[in-house]
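Please open the structure in a viewer and keep the sequence panel at hand.

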Amino acid sequence: MIEIQNINKTFNPGTVNEVKALCDVTCTIDEGSFVVLLGTNGSGKSTLLNAVAGNFLPDSGKITLDAIDITRMPEHKRAKYIGRVFQNPFSGTAPDMSIAENITLAAKRGLHRSLGWALPKTAIEEFREKVRPLNMGLEDRLDSPIGKLSGGQRQALTLLMATWLKPKLLLLDEHTAALDPKTASKVIQLTKEVVEKEKLTTMMVTHSMQQAVNLGDRILMLHNGRIVYEFNGQEKQRLKSNDLLALFDQIRRKDQIDATTADMIGHLYI
Amino acid sequence: MSLLIGAITIGLILALLALGIFISFRIFNFADITAEGSLTLGASISAAMIVAGFNPLLATLVALAGGFIAGALTGIIHTKFEINGLLSGILVMTALYSINLHVMGKSNVPLMSESTVITYFEDLAKWVMPGTETISLLGNSIPAKDIVILASVFVIVSIFGALLYAFFKSNFGTAMRATGNNQQMIRAQGVNTKTMIILGLAVSNALIALSGAILAQFQGFADVQMGIGMLVWGLASVIIGEALINDKSLGFLITGAIFGSVIFRLLVAVALRIGMNPNDLKLITALFVFIALVLPKILKKNRMKGIEIK
(Lines give C-alpha, C1' and ligand atoms only; values in the text may rest on other atoms or scores of the structure.)
Protein backbone atom coordinates (compact mmCIF):
# COMPACT_ATOMS: atom_id res chain seq x y z
CA MET A 1 0.00 0.00 0.00
CA ILE A 2 1.29 3.43 -0.87
CA GLU A 3 0.21 6.57 0.97
CA ILE A 4 0.85 9.99 -0.49
CA GLN A 5 0.10 12.77 1.99
CA ASN A 6 -0.08 16.48 1.17
CA ILE A 7 2.75 16.46 -1.34
CA ASN A 8 3.80 19.91 -2.60
CA LYS A 9 6.40 20.71 -5.19
CA THR A 10 7.28 24.02 -6.80
CA PHE A 11 9.93 24.11 -9.50
CA ASN A 12 12.14 27.21 -9.89
CA PRO A 13 10.58 28.99 -6.90
CA GLY A 14 10.93 32.75 -6.86
CA THR A 15 11.70 33.06 -10.57
CA VAL A 16 9.57 33.92 -13.60
CA ASN A 17 9.60 30.23 -14.46
CA GLU A 18 8.01 29.25 -11.16
CA VAL A 19 5.76 26.23 -11.64
CA LYS A 20 3.54 24.79 -8.92
CA ALA A 21 3.78 21.22 -10.18
CA LEU A 22 2.08 19.52 -7.25
CA CYS A 23 -0.35 21.20 -4.83
CA ASP A 24 -1.28 19.31 -1.72
CA VAL A 25 -1.72 15.97 -3.46
CA THR A 26 -3.07 13.26 -1.19
CA CYS A 27 -4.08 9.75 -2.15
CA THR A 28 -3.87 6.19 -0.90
CA ILE A 29 -3.30 3.30 -3.25
CA ASP A 30 -4.21 -0.15 -1.97
CA GLU A 31 -2.05 -3.18 -2.43
CA GLY A 32 -2.64 -4.81 -5.82
CA SER A 33 -4.47 -1.76 -7.17
CA PHE A 34 -3.73 -0.58 -10.73
CA VAL A 35 -4.10 3.21 -10.89
CA VAL A 36 -4.17 5.16 -14.12
CA LEU A 37 -3.08 8.80 -13.92
CA LEU A 38 -4.60 11.10 -16.52
CA GLY A 39 -4.24 14.78 -17.19
CA THR A 40 -3.34 17.48 -19.67
CA ASN A 41 0.26 18.43 -20.38
CA GLY A 42 1.75 20.01 -17.28
CA SER A 43 -1.01 18.70 -15.05
CA GLY A 44 1.50 17.09 -12.71
CA LYS A 45 0.85 13.43 -13.43
CA SER A 46 4.42 12.62 -14.42
CA THR A 47 5.69 14.83 -11.62
CA LEU A 48 3.66 12.80 -9.15
CA LEU A 49 5.18 9.60 -10.51
CA ASN A 50 8.68 11.07 -10.34
CA ALA A 51 8.06 12.22 -6.76
CA VAL A 52 7.23 8.66 -5.82
CA ALA A 53 10.24 7.33 -7.75
CA GLY A 54 12.54 9.84 -6.05
CA ASN A 55 13.76 11.85 -9.04
CA PHE A 56 13.38 14.88 -6.79
CA LEU A 57 12.42 15.50 -3.18
CA PRO A 58 9.05 17.16 -2.48
CA ASP A 59 8.93 20.54 -0.70
CA SER A 60 6.57 19.14 1.89
CA GLY A 61 4.40 16.12 2.54
CA LYS A 62 5.05 12.48 3.12
CA ILE A 63 5.19 9.33 1.00
CA THR A 64 5.09 5.90 2.60
CA LEU A 65 5.33 2.56 0.84
CA ASP A 66 4.16 -0.43 2.91
CA ALA A 67 4.67 1.70 6.04
CA ILE A 68 8.26 2.54 5.01
CA ASP A 69 8.77 6.30 4.88
CA ILE A 70 10.45 6.94 1.53
CA THR A 71 9.93 10.72 1.39
CA ARG A 72 13.60 11.58 1.88
CA MET A 73 15.06 8.33 0.61
CA PRO A 74 17.43 8.79 -2.39
CA GLU A 75 16.30 7.39 -5.72
CA HIS A 76 18.73 4.48 -5.80
CA LYS A 77 17.69 3.30 -2.33
CA ARG A 78 13.97 3.21 -3.04
CA ALA A 79 14.69 1.40 -6.31
CA LYS A 80 14.78 -1.67 -4.09
CA TYR A 81 10.99 -1.42 -3.80
CA ILE A 82 10.09 0.16 -7.11
CA GLY A 83 10.15 -1.11 -10.69
CA ARG A 84 10.07 1.55 -13.42
CA VAL A 85 9.42 1.83 -17.14
CA PHE A 86 10.12 5.24 -18.68
CA GLN A 87 8.47 7.12 -21.52
CA ASN A 88 11.70 7.20 -23.50
CA PRO A 89 12.78 3.71 -24.59
CA PHE A 90 16.39 4.90 -24.25
CA SER A 91 16.01 5.65 -20.53
CA GLY A 92 15.35 2.19 -19.16
CA THR A 93 18.24 0.25 -20.65
CA ALA A 94 22.02 0.60 -21.04
CA PRO A 95 22.33 0.76 -24.85
CA ASP A 96 25.95 -0.36 -25.28
CA MET A 97 25.55 -3.37 -23.03
CA SER A 98 24.10 -6.71 -24.06
CA ILE A 99 20.55 -7.85 -23.37
CA ALA A 100 21.89 -10.42 -20.91
CA GLU A 101 23.97 -7.79 -19.08
CA ASN A 102 20.99 -5.48 -18.81
CA ILE A 103 18.87 -8.28 -17.41
CA THR A 104 21.52 -9.29 -14.91
CA LEU A 105 21.62 -5.69 -13.68
CA ALA A 106 17.85 -5.78 -13.15
CA ALA A 107 17.96 -9.22 -11.55
CA LYS A 108 20.00 -7.61 -8.74
CA ARG A 109 17.85 -4.49 -8.33
CA GLY A 110 18.45 -3.11 -4.85
CA LEU A 111 20.54 -6.15 -3.86
CA HIS A 112 24.21 -6.47 -3.00
CA ARG A 113 26.40 -6.60 -6.10
CA SER A 114 29.36 -8.90 -5.53
CA LEU A 115 32.67 -9.30 -7.33
CA GLY A 116 31.39 -12.66 -8.57
CA TRP A 117 30.95 -13.32 -12.29
CA ALA A 118 27.92 -11.39 -13.53
CA LEU A 119 26.86 -13.82 -16.23
CA PRO A 120 27.36 -17.46 -15.26
CA LYS A 121 26.09 -20.05 -17.79
CA THR A 122 23.16 -21.04 -15.57
CA ALA A 123 21.91 -17.46 -15.49
CA ILE A 124 21.92 -17.24 -19.30
CA GLU A 125 19.62 -20.25 -19.52
CA GLU A 126 17.22 -18.71 -17.01
CA PHE A 127 17.25 -15.40 -18.91
CA ARG A 128 16.50 -17.19 -22.18
CA GLU A 129 13.46 -18.94 -20.70
CA LYS A 130 12.09 -15.72 -19.25
CA VAL A 131 12.66 -13.69 -22.43
CA ARG A 132 11.07 -16.28 -24.72
CA PRO A 133 7.44 -15.46 -23.76
CA LEU A 134 7.92 -11.92 -25.12
CA ASN A 135 7.74 -13.57 -28.57
CA MET A 136 10.23 -11.16 -30.07
CA GLY A 137 13.01 -13.61 -30.86
CA LEU A 138 15.22 -11.90 -28.30
CA GLU A 139 16.11 -15.19 -26.58
CA ASP A 140 18.58 -15.89 -29.41
CA ARG A 141 20.10 -12.41 -29.27
CA LEU A 142 21.03 -12.15 -25.60
CA ASP A 143 24.59 -11.16 -26.52
CA SER A 144 23.70 -8.28 -28.82
CA PRO A 145 23.71 -4.74 -27.47
CA ILE A 146 20.30 -3.38 -26.48
CA GLY A 147 20.96 -0.25 -28.55
CA LYS A 148 20.38 -2.32 -31.67
CA LEU A 149 16.79 -3.17 -30.68
CA SER A 150 13.65 -1.30 -31.68
CA GLY A 151 11.85 0.96 -29.22
CA GLY A 152 9.11 -1.61 -28.70
CA GLN A 153 11.57 -4.40 -27.98
CA ARG A 154 13.39 -2.16 -25.53
CA GLN A 155 10.18 -1.20 -23.71
CA ALA A 156 9.11 -4.85 -23.51
CA LEU A 157 12.51 -5.73 -22.05
CA THR A 158 12.45 -2.78 -19.65
CA LEU A 159 9.04 -3.97 -18.43
CA LEU A 160 10.41 -7.48 -17.98
CA MET A 161 13.41 -6.06 -16.13
CA ALA A 162 11.27 -3.83 -13.90
CA THR A 163 9.25 -6.85 -12.79
CA TRP A 164 12.12 -9.39 -12.73
CA LEU A 165 12.21 -9.08 -8.96
CA LYS A 166 8.65 -8.45 -7.80
CA PRO A 167 8.49 -4.74 -6.92
CA LYS A 168 6.26 -3.38 -4.17
CA LEU A 169 5.24 -0.77 -6.72
CA LEU A 170 5.41 -0.62 -10.51
CA LEU A 171 5.67 2.85 -12.09
CA LEU A 172 4.84 3.21 -15.78
CA ASP A 173 5.46 6.68 -17.17
CA GLU A 174 3.68 6.87 -20.54
CA HIS A 175 5.68 3.83 -21.47
CA THR A 176 3.97 3.38 -24.84
CA ALA A 177 3.88 7.04 -25.90
CA ALA A 178 6.97 6.73 -28.11
CA LEU A 179 5.78 3.55 -29.86
CA ASP A 180 3.72 2.96 -32.99
CA PRO A 181 0.11 1.85 -32.29
CA LYS A 182 0.70 -1.83 -33.01
CA THR A 183 3.81 -2.09 -30.82
CA ALA A 184 2.10 0.01 -28.16
CA SER A 185 -0.81 -2.42 -27.96
CA LYS A 186 1.61 -5.33 -27.63
CA VAL A 187 3.46 -3.62 -24.79
CA ILE A 188 0.12 -2.83 -23.14
CA GLN A 189 -0.87 -6.49 -23.46
CA LEU A 190 2.40 -7.54 -21.79
CA THR A 191 1.81 -4.93 -19.08
CA LYS A 192 -1.65 -6.29 -18.40
CA GLU A 193 -0.41 -9.86 -18.22
CA VAL A 194 2.44 -9.21 -15.82
CA VAL A 195 0.42 -6.94 -13.54
CA GLU A 196 -2.40 -9.49 -13.29
CA LYS A 197 -0.09 -12.46 -12.87
CA GLU A 198 2.07 -10.91 -10.18
CA LYS A 199 -0.78 -8.86 -8.64
CA LEU A 200 1.43 -5.77 -8.80
CA THR A 201 0.51 -2.45 -7.25
CA THR A 202 0.83 -0.17 -10.27
CA MET A 203 0.72 3.52 -11.13
CA MET A 204 0.55 4.30 -14.83
CA VAL A 205 0.64 7.68 -16.54
CA THR A 206 -0.95 7.79 -19.97
CA HIS A 207 -2.31 10.14 -22.59
CA SER A 208 -4.42 7.46 -24.18
CA MET A 209 -8.11 7.49 -23.17
CA GLN A 210 -8.37 3.99 -24.58
CA GLN A 211 -5.67 2.69 -22.23
CA ALA A 212 -7.22 4.55 -19.31
CA VAL A 213 -10.58 2.93 -19.96
CA ASN A 214 -9.29 -0.58 -20.64
CA LEU A 215 -6.64 -0.86 -17.96
CA GLY A 216 -6.62 -0.70 -14.21
CA ASP A 217 -9.25 -0.42 -11.53
CA ARG A 218 -8.95 3.27 -10.71
CA ILE A 219 -8.45 6.56 -12.54
CA LEU A 220 -7.03 9.73 -11.03
CA MET A 221 -7.33 12.83 -13.16
CA LEU A 222 -4.90 15.66 -12.42
CA HIS A 223 -5.05 19.29 -13.35
CA ASN A 224 -2.72 22.13 -12.33
CA GLY A 225 -1.00 19.89 -9.82
CA ARG A 226 -4.17 18.70 -8.07
CA ILE A 227 -6.28 15.57 -8.26
CA VAL A 228 -9.55 16.88 -9.72
CA TYR A 229 -11.49 13.70 -10.51
CA GLU A 230 -11.36 10.16 -9.30
CA PHE A 231 -13.14 7.03 -10.53
CA ASN A 232 -13.18 3.75 -8.63
CA GLY A 233 -14.70 0.28 -8.94
CA GLN A 234 -17.99 0.06 -10.80
CA GLU A 235 -17.86 3.68 -11.84
CA LYS A 236 -14.43 3.14 -13.42
CA GLN A 237 -15.60 -0.01 -15.22
CA ARG A 238 -18.58 1.83 -16.78
CA LEU A 239 -16.43 4.72 -17.95
CA LYS A 240 -16.06 5.26 -21.74
CA SER A 241 -13.32 7.19 -23.45
CA ASN A 242 -15.93 9.75 -24.57
CA ASP A 243 -16.78 10.48 -20.97
CA LEU A 244 -13.14 11.20 -20.26
CA LEU A 245 -12.83 13.41 -23.33
CA ALA A 246 -15.87 15.36 -22.20
CA LEU A 247 -14.24 15.85 -18.82
CA PHE A 248 -11.08 17.15 -20.44
CA ASP A 249 -13.16 19.60 -22.45
CA GLN A 250 -14.87 20.77 -19.32
CA ILE A 251 -11.55 21.34 -17.56
CA ARG A 252 -10.21 23.27 -20.53
CA ARG A 253 -13.29 25.46 -20.76
CA LYS A 254 -13.11 26.24 -17.08
CA ASP A 255 -9.50 27.34 -17.62
CA GLN A 256 -10.51 29.64 -20.45
CA ILE A 257 -13.26 31.25 -18.42
CA ASP A 258 -10.80 31.87 -15.63
CA ALA A 259 -8.45 33.62 -18.00
CA THR A 260 -11.13 35.78 -19.64
CA THR A 261 -12.63 36.66 -16.31
CA ALA A 262 -9.29 37.79 -15.07
CA ASP A 263 -8.86 39.81 -18.22
CA MET A 264 -12.29 41.43 -17.82
CA ILE A 265 -11.64 42.30 -14.21
CA GLY A 266 -8.34 43.76 -15.28
CA HIS A 267 -10.03 46.01 -17.84
CA LEU A 268 -12.74 47.12 -15.45
CA TYR A 269 -10.66 47.96 -12.43
CA ILE A 270 -7.18 48.92 -13.62
CA MET B 1 67.50 -3.37 -31.39
CA SER B 2 68.19 -2.47 -27.79
CA LEU B 3 66.39 0.76 -28.49
CA LEU B 4 63.42 -1.23 -29.72
CA ILE B 5 63.32 -3.38 -26.59
CA GLY B 6 63.44 -0.21 -24.49
CA ALA B 7 60.59 1.32 -26.47
CA ILE B 8 58.43 -1.77 -26.05
CA THR B 9 59.15 -1.84 -22.32
CA ILE B 10 58.16 1.80 -21.88
CA GLY B 11 55.10 1.12 -24.06
CA LEU B 12 54.10 -1.69 -21.72
CA ILE B 13 54.70 0.42 -18.61
CA LEU B 14 52.52 3.14 -20.12
CA ALA B 15 49.92 0.50 -20.98
CA LEU B 16 48.89 0.76 -17.34
CA LEU B 17 48.29 4.46 -17.99
CA ALA B 18 46.28 3.52 -21.08
CA LEU B 19 44.15 1.14 -19.00
CA GLY B 20 43.46 3.94 -16.53
CA ILE B 21 42.52 6.33 -19.33
CA PHE B 22 40.37 3.59 -20.83
CA ILE B 23 38.31 3.53 -17.62
CA SER B 24 37.68 7.27 -17.48
CA PHE B 25 37.38 7.87 -21.23
CA ARG B 26 35.53 4.78 -22.42
CA ILE B 27 33.62 3.66 -19.32
CA PHE B 28 32.67 7.08 -17.93
CA ASN B 29 32.91 9.06 -21.17
CA PHE B 30 35.09 11.89 -20.02
CA ALA B 31 38.79 12.53 -20.34
CA ASP B 32 39.98 12.67 -16.75
CA ILE B 33 42.98 14.97 -16.67
CA THR B 34 43.77 13.96 -13.08
CA ALA B 35 45.93 11.42 -14.93
CA GLU B 36 48.65 13.99 -15.52
CA GLY B 37 48.92 14.64 -11.79
CA SER B 38 48.50 11.07 -10.62
CA LEU B 39 51.15 9.69 -12.98
CA THR B 40 53.65 12.11 -11.43
CA LEU B 41 52.24 11.38 -7.98
CA GLY B 42 53.00 7.68 -8.46
CA ALA B 43 56.50 8.51 -9.64
CA SER B 44 57.25 10.95 -6.83
CA ILE B 45 55.85 8.79 -4.01
CA SER B 46 57.83 5.75 -5.12
CA ALA B 47 60.99 7.77 -5.75
CA ALA B 48 60.83 9.60 -2.43
CA MET B 49 60.19 6.39 -0.50
CA ILE B 50 62.94 4.45 -2.29
CA VAL B 51 65.44 7.22 -1.61
CA ALA B 52 64.31 7.23 2.03
CA GLY B 53 65.22 3.55 2.20
CA PHE B 54 61.85 1.86 2.00
CA ASN B 55 61.37 -1.40 0.15
CA PRO B 56 60.75 -0.55 -3.54
CA LEU B 57 57.80 -2.94 -3.74
CA LEU B 58 56.17 -1.23 -0.76
CA ALA B 59 56.95 2.15 -2.33
CA THR B 60 55.22 1.09 -5.55
CA LEU B 61 52.16 -0.11 -3.66
CA VAL B 62 51.92 3.14 -1.69
CA ALA B 63 52.18 5.00 -5.03
CA LEU B 64 49.22 2.95 -6.29
CA ALA B 65 47.23 3.85 -3.17
CA GLY B 66 48.14 7.52 -3.68
CA GLY B 67 46.69 7.43 -7.19
CA PHE B 68 43.56 5.77 -5.81
CA ILE B 69 43.04 8.65 -3.38
CA ALA B 70 43.72 11.29 -6.07
CA GLY B 71 41.13 9.69 -8.38
CA ALA B 72 38.61 9.38 -5.57
CA LEU B 73 39.08 13.11 -4.83
CA THR B 74 38.29 14.02 -8.43
CA GLY B 75 35.23 11.76 -8.23
CA ILE B 76 34.06 13.38 -4.99
CA ILE B 77 34.51 16.91 -6.36
CA HIS B 78 32.64 15.88 -9.51
CA THR B 79 29.71 14.03 -7.92
CA LYS B 80 29.22 15.42 -4.41
CA PHE B 81 29.98 19.04 -5.29
CA GLU B 82 28.54 18.79 -8.81
CA ILE B 83 31.49 20.34 -10.59
CA ASN B 84 32.04 19.48 -14.23
CA GLY B 85 34.22 16.39 -14.64
CA LEU B 86 36.95 18.07 -16.64
CA LEU B 87 37.17 20.95 -14.17
CA SER B 88 37.29 18.55 -11.20
CA GLY B 89 40.24 16.84 -12.87
CA ILE B 90 41.98 20.13 -13.52
CA LEU B 91 41.58 21.16 -9.87
CA VAL B 92 43.07 17.93 -8.56
CA MET B 93 45.82 17.94 -11.19
CA THR B 94 46.83 21.47 -10.27
CA ALA B 95 46.79 20.68 -6.56
CA LEU B 96 48.87 17.56 -7.17
CA TYR B 97 51.64 19.63 -8.76
CA SER B 98 52.39 21.23 -5.39
CA ILE B 99 51.86 17.97 -3.54
CA ASN B 100 54.32 16.19 -5.82
CA LEU B 101 56.94 18.89 -5.17
CA HIS B 102 56.40 18.44 -1.44
CA VAL B 103 56.62 14.67 -1.67
CA MET B 104 59.93 14.80 -3.54
CA GLY B 105 61.26 17.92 -1.85
CA LYS B 106 62.65 19.08 -5.20
CA SER B 107 61.62 18.91 -8.83
CA ASN B 108 63.73 15.88 -9.78
CA VAL B 109 64.76 12.80 -7.81
CA PRO B 110 67.39 10.52 -9.40
CA LEU B 111 67.10 6.78 -8.73
CA MET B 112 70.11 5.57 -10.70
CA SER B 113 72.06 4.34 -7.68
CA GLU B 114 69.04 3.03 -5.77
CA SER B 115 67.66 -0.48 -5.54
CA THR B 116 64.28 -0.47 -7.32
CA VAL B 117 61.68 -2.91 -8.60
CA ILE B 118 63.68 -2.92 -11.83
CA THR B 119 66.73 -4.07 -9.84
CA TYR B 120 64.64 -7.06 -8.74
CA PHE B 121 64.05 -7.92 -12.37
CA GLU B 122 67.76 -7.65 -13.09
CA ASP B 123 68.43 -10.02 -10.20
CA LEU B 124 65.79 -12.30 -11.67
CA ALA B 125 67.71 -12.28 -14.95
CA LYS B 126 70.90 -13.36 -13.17
CA TRP B 127 68.95 -16.14 -11.48
CA VAL B 128 67.13 -17.37 -14.60
CA MET B 129 70.08 -17.12 -16.95
CA PRO B 130 73.24 -17.36 -14.85
CA GLY B 131 76.34 -16.33 -16.72
CA THR B 132 74.46 -15.11 -19.77
CA GLU B 133 75.15 -11.45 -20.40
CA THR B 134 73.66 -11.08 -23.85
CA ILE B 135 71.11 -12.92 -25.95
CA SER B 136 71.26 -13.08 -29.71
CA LEU B 137 67.97 -12.08 -31.32
CA LEU B 138 67.54 -11.69 -35.08
CA GLY B 139 71.26 -11.30 -35.42
CA ASN B 140 71.57 -8.64 -32.72
CA SER B 141 72.97 -9.21 -29.29
CA ILE B 142 70.79 -7.79 -26.55
CA PRO B 143 71.53 -7.58 -22.82
CA ALA B 144 69.75 -10.50 -21.14
CA LYS B 145 68.51 -8.27 -18.34
CA ASP B 146 66.62 -6.07 -20.81
CA ILE B 147 64.70 -9.09 -22.05
CA VAL B 148 63.84 -10.18 -18.50
CA ILE B 149 62.75 -6.66 -17.56
CA LEU B 150 60.52 -6.58 -20.66
CA ALA B 151 59.03 -9.98 -19.83
CA SER B 152 58.46 -9.03 -16.19
CA VAL B 153 56.71 -5.81 -17.11
CA PHE B 154 54.62 -7.74 -19.64
CA VAL B 155 53.56 -10.18 -16.91
CA ILE B 156 52.63 -7.32 -14.56
CA VAL B 157 50.59 -5.56 -17.24
CA SER B 158 48.89 -8.83 -18.22
CA ILE B 159 47.93 -9.48 -14.61
CA PHE B 160 46.44 -6.01 -14.22
CA GLY B 161 44.67 -6.32 -17.58
CA ALA B 162 43.16 -9.65 -16.54
CA LEU B 163 42.16 -8.30 -13.14
CA LEU B 164 40.49 -5.33 -14.78
CA TYR B 165 38.63 -7.62 -17.16
CA ALA B 166 37.39 -9.82 -14.30
CA PHE B 167 36.39 -6.73 -12.33
CA PHE B 168 34.32 -5.26 -15.17
CA LYS B 169 32.67 -8.62 -15.81
CA SER B 170 31.61 -8.97 -12.17
CA ASN B 171 28.22 -7.94 -10.83
CA PHE B 172 29.77 -4.84 -9.34
CA GLY B 173 31.82 -3.98 -12.42
CA THR B 174 28.85 -4.49 -14.73
CA ALA B 175 26.93 -1.94 -12.66
CA MET B 176 29.91 0.40 -12.95
CA ARG B 177 29.92 0.09 -16.74
CA ALA B 178 26.17 0.74 -16.78
CA THR B 179 26.78 3.91 -14.74
CA GLY B 180 28.86 5.26 -17.60
CA ASN B 181 26.33 4.10 -20.14
CA ASN B 182 22.99 5.23 -18.67
CA GLN B 183 22.84 6.77 -15.21
CA GLN B 184 19.04 6.98 -15.09
CA MET B 185 18.73 3.28 -15.86
CA ILE B 186 21.23 2.09 -13.29
CA ARG B 187 19.82 4.36 -10.54
CA ALA B 188 16.46 2.74 -11.17
CA GLN B 189 18.21 -0.58 -10.55
CA GLY B 190 19.30 0.62 -7.12
CA VAL B 191 22.89 1.63 -7.81
CA ASN B 192 24.44 4.72 -6.25
CA THR B 193 25.97 6.29 -9.36
CA LYS B 194 28.05 8.75 -7.33
CA THR B 195 29.83 5.96 -5.49
CA MET B 196 30.42 4.17 -8.78
CA ILE B 197 32.01 7.22 -10.40
CA ILE B 198 34.20 7.91 -7.36
CA LEU B 199 35.39 4.31 -7.21
CA GLY B 200 35.86 4.07 -10.96
CA LEU B 201 38.05 7.17 -11.10
CA ALA B 202 39.95 5.92 -8.05
CA VAL B 203 40.76 2.62 -9.78
CA SER B 204 41.65 4.49 -12.97
CA ASN B 205 44.12 6.78 -11.23
CA ALA B 206 45.54 3.95 -9.12
CA LEU B 207 46.59 2.24 -12.36
CA ILE B 208 48.01 5.50 -13.71
CA ALA B 209 50.01 6.12 -10.54
CA LEU B 210 51.34 2.56 -10.73
CA SER B 211 52.38 3.28 -14.29
CA GLY B 212 54.20 6.41 -13.12
CA ALA B 213 55.90 4.56 -10.26
CA ILE B 214 57.26 1.82 -12.54
CA LEU B 215 58.22 4.34 -15.22
CA ALA B 216 60.27 6.40 -12.73
CA GLN B 217 62.10 3.29 -11.57
CA PHE B 218 62.73 2.15 -15.13
CA GLN B 219 64.07 5.44 -16.42
CA GLY B 220 65.95 6.10 -13.21
CA PHE B 221 64.37 9.34 -12.06
CA ALA B 222 61.11 11.00 -11.08
CA ASP B 223 60.42 14.47 -12.43
CA VAL B 224 57.63 16.86 -11.50
CA GLN B 225 57.03 17.56 -15.20
CA MET B 226 56.74 13.96 -16.35
CA GLY B 227 52.94 13.89 -16.33
CA ILE B 228 52.50 16.68 -18.87
CA GLY B 229 50.70 15.50 -22.00
CA MET B 230 50.14 12.03 -20.58
CA LEU B 231 46.33 12.21 -20.89
CA VAL B 232 46.55 12.72 -24.63
CA TRP B 233 49.21 10.04 -24.76
CA GLY B 234 46.86 7.59 -23.06
CA LEU B 235 43.98 8.60 -25.31
CA ALA B 236 46.13 7.94 -28.36
CA SER B 237 46.91 4.46 -27.05
CA VAL B 238 43.26 3.67 -26.39
CA ILE B 239 42.21 4.94 -29.82
CA ILE B 240 44.97 3.07 -31.68
CA GLY B 241 43.98 -0.10 -29.83
CA GLU B 242 40.34 0.29 -30.82
CA ALA B 243 41.17 0.99 -34.45
CA LEU B 244 43.52 -1.96 -34.54
CA ILE B 245 41.24 -4.58 -33.07
CA ASN B 246 37.89 -3.25 -34.22
CA ASP B 247 35.89 -5.24 -31.71
CA LYS B 248 33.90 -3.48 -29.02
CA SER B 249 33.84 -6.32 -26.51
CA LEU B 250 35.51 -5.63 -23.19
CA GLY B 251 38.32 -8.17 -23.44
CA PHE B 252 39.38 -6.84 -26.82
CA LEU B 253 39.16 -3.24 -25.70
CA ILE B 254 41.48 -3.92 -22.75
CA THR B 255 43.91 -5.91 -24.91
CA GLY B 256 43.67 -3.16 -27.52
CA ALA B 257 44.59 -0.45 -25.03
CA ILE B 258 47.69 -2.40 -23.97
CA PHE B 259 48.88 -3.05 -27.51
CA GLY B 260 47.88 0.43 -28.61
CA SER B 261 50.25 1.84 -26.01
CA VAL B 262 53.14 -0.36 -27.21
CA ILE B 263 52.52 0.47 -30.86
CA PHE B 264 52.25 4.17 -30.15
CA ARG B 265 55.53 4.13 -28.27
CA LEU B 266 57.16 2.24 -31.16
CA LEU B 267 55.85 4.77 -33.67
CA VAL B 268 57.28 7.57 -31.56
CA ALA B 269 60.63 5.78 -31.26
CA VAL B 270 60.79 5.31 -35.02
CA ALA B 271 59.78 8.91 -35.68
CA LEU B 272 62.48 10.22 -33.33
CA ARG B 273 65.00 7.84 -34.86
CA ILE B 274 64.40 9.14 -38.39
CA GLY B 275 64.98 12.65 -37.18
CA MET B 276 61.75 14.14 -35.85
CA ASN B 277 62.38 17.07 -33.55
CA PRO B 278 61.54 15.82 -30.01
CA ASN B 279 59.99 19.22 -29.30
CA ASP B 280 57.29 18.43 -31.85
CA LEU B 281 56.32 15.21 -30.12
CA LYS B 282 53.38 16.54 -28.12
CA LEU B 283 52.12 18.65 -31.01
CA ILE B 284 52.04 15.62 -33.25
CA THR B 285 50.43 13.46 -30.55
CA ALA B 286 47.67 16.04 -30.08
CA LEU B 287 47.13 16.28 -33.83
CA PHE B 288 46.99 12.52 -34.06
CA VAL B 289 44.31 12.25 -31.34
CA PHE B 290 42.36 15.10 -32.92
CA ILE B 291 42.30 13.32 -36.27
CA ALA B 292 41.40 10.00 -34.65
CA LEU B 293 38.46 11.62 -32.87
CA VAL B 294 37.20 13.55 -35.89
CA LEU B 295 37.71 10.95 -38.60
CA PRO B 296 34.86 8.59 -37.60
CA LYS B 297 32.44 11.55 -37.58
CA ILE B 298 33.48 12.66 -41.07
CA LEU B 299 33.17 9.12 -42.38
CA LYS B 300 29.71 8.85 -40.84
CA LYS B 301 28.60 12.17 -42.35
CA ASN B 302 29.76 11.12 -45.79
CA ARG B 303 27.98 7.81 -45.44
CA MET B 304 24.78 9.70 -44.69
CA LYS B 305 25.31 11.73 -47.83
CA GLY B 306 25.45 8.45 -49.69
CA ILE B 307 29.15 8.51 -50.45
CA GLU B 308 30.85 5.20 -49.83
CA ILE B 309 34.37 5.44 -48.54
CA LYS B 310 36.19 2.20 -48.86
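The model is predicted, with local features requiring pLDDT of at least 70, side-chain atom pairs counting only at pLDDT 80 or more, and totals for chains, interfaces and linings using all residues. Residues are numbered from 1 along each chain as its sequence is written, while chains are lettered from A and ligands numbered from 1 in the order in which they are written.

Next, select residues 181-198 of chain A, helix α6. Helices (H or I, at least four residues) and strands (E, at least two) are DSSP runs numbered from the N terminus. Colour Ala184(A), Val187(A), Ile188(A), Thr191(A) and Val195(A), which are buried (20 or more other C-beta atoms within 10 Å of a residue's own, C-beta atoms being placed from the backbone; exposed means 12 or fewer, partly exposed in between). They lie on the same side of α6(A), because their arc around the axis is only 105°, taken from the directions from the helix axis to the C-beta atoms. On the other side, Lys182(A), Gln189(A), Glu193(A), Glu196(A) and Lys197(A) are exposed.

Move to chain B and select strands β2 (residues 134-137) and β3 (residues 140-143), which run antiparallel and are joined by four bridges; pairing requires at least two DSSP bridges. Leu137(B) has Asn140(B) as its bridge partner. Two residues separate the strands of this hairpin, and Leu138(B) in the turn has a positive phi of about 50°.

Notes. The expected span of a helix is 1.5 Å times one less than its number of residues.
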